[in-house]
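Biologist: I have the sequence and the model open side by side. Could you walk me through some of the strands, and then tell me which parts to treat with care?

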Amino acid sequence: MTACAIEPAAANEENGDGENGDGETSRTERVSSEDRETPRTERVITEDGERPRTEYVITEDDRTPRPACVITVDGSYAARLARDGDSWFPERWTLDGPEPYAVPLPGNQPEEPGTELQPMGDGRVLIRRFADRRHAFSLLYPTGPRTGELPLGAVECPDEGTVLRLLPPAPGGEKAYALAVGPRSSAVWLVAGGAFGPEHVAQIPGRCSGGVWLDRVGRMLALDRETDGRTKAVVVDLERGGEVSPLLQIADGSDDRLLLADPDSGLLLISSDAPSPGRSRLGWGVLGSTLPVRFPECLRVPHCTLTPFAIQPGQVLVPESCGVALRVDGPMGSWVGVWRPAARQVQHLPAPEGWLAGAGLWTEDGELLLPYATADTPCGVARWAAASGNGALAGEAGGPGGTGAGDAGPEGSEGGGGKVAGAPEPDPPEPVVARPVPLQQAPLGNLVTK
């Protein structure tokens, strides 16, 4: 069982006097090795020119790269760790205005590179800091020339084998969750938005990773659970005491992970080694469907790793028309891929200069937004608009000082993937959350498509 204890926070305290709610005055001992993060260095364009930048990856399965910034579900705000020389500090981006702008939120001490941030729906930024086996959570916000800080409490994990990380932003932006992974079980914590500091909300047998929201109310959470040497995606119902039910059952001996989901259309992006034992393949399915998962051949790019990071929302009942944005990591660096289930090829796009790799957002109108930062444009958003007819994307950079990237990638993709549906019907006042139906086992003979 995951062993974690909580410490309540003092209410309505700020960071103006050099102390946080725990009485700490220095964070110089906080190191990224607390959760066994593995630094990976690659050459990228950063704010101060071309230089190596260290990216931190989630090491439960050594597969999933962490995005360089985190965006709220509605696309209003983003947060990232920015750098001033050798010092790191939190930065909030506002994305829903006429043009994006950044607000620095430095504390009294520089942050460690492994510090996690998450923007909230009201513009505040949640921060997770680690020291002495304690994960301390606070909300940061601008207040005049200083940074206001509201301590929320801490989760203590005395077990050396326990890893705690923030889960992706929850729908609504009012709550934030973290996942503590122990040797034999995992715990979901509500770390922001609760009544009395961090709250333990679910305990799941097995080691869990990932984290994908399946609805618009923040109730159904999908996790990748490892038990008996196999990883299967399961659904955790946070309003039923963490009740667990299966989601992916492609084959008995396969590792099946959920990478991304869209609640509007039900489109799921899946990683599984079912069609190629020992090698993970990228596939797609539909939530609640009894049809098997499909593994398109076009999603296999030689010597490259494809990681989906954004799905076009609003495509109700037409998952095949959803645009999917892919981070492509290859020998020459990282770039962007765009694919739709109805199409038979991936369109490869050059990433904007200074792209915060792995971060982006689709709009219902078919625009793909990619945040970037350069020396000339410290806060910018490149916009890729879907053209009518063939699904090609036309690039236009947004933000002060941005330059257009132009059209790129193969044209004439099959399947009419570029057609964008209209706005969805309004949600009912009290949405009913249906329990997901597992994707059933099926013969693999017809699963691989071109």
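Biologist: In which sense do strands β9 and β10 pair?
Modeller: Bearing in mind that this is a predicted model, strand β9, which covers residues 125–131, pairs with β10 in the antiparallel sense over 7 bridges.

Biologist: Which residue in β10 is the bridge partner of R129?
Modeller: The partner of R129 is A136, and in the hairpin of β9 and β10, where 2 residues lie between the strands, D132 takes a positive phi near 55°.

Biologist: And what about β10 and β11, over how many bridges do they pair?
Modeller: Strand β11, residues 146–156, and β10 pair over 10 bridges, in the antiparallel sense, with H135 having V155 in β11 as its bridge partner. The hairpin of β10 and β11 has 2 residues between the strands, and there G144 takes a positive phi near 65°.

Biologist: Changing topic, what is the mean pLDDT of the protein chain?
Modeller: The mean is 79, and 71% of the residues in the chain reach 70 or more.

Biologist: Where does pLDDT stay under 50?
Modeller: One such stretch is residues 9–63, for which the model has 142 contacts beyond four places in sequence. Over residues 399–434 the pLDDT is also below 50, and that stretch has 71 contacts in the model beyond near neighbours in sequence. Where pLDDT is low, the predicted coordinates should not be read in detail.

Conventions. Residues numbered from 1 in each chain as written. Predicted model: local features only at pLDDT ≥ 70, side-chain atom pairs only at ≥ 80, totals over all residues. Heavy atoms only, no water. Pairing = 2+ DSSP bridges. Helix = DSSP H or I, 4+ residues; strand = E, 2+ residues; numbered from the N terminus. pLDDT = per-residue confidence, 0-100. Contact = heavy atoms within 4.5 Å.
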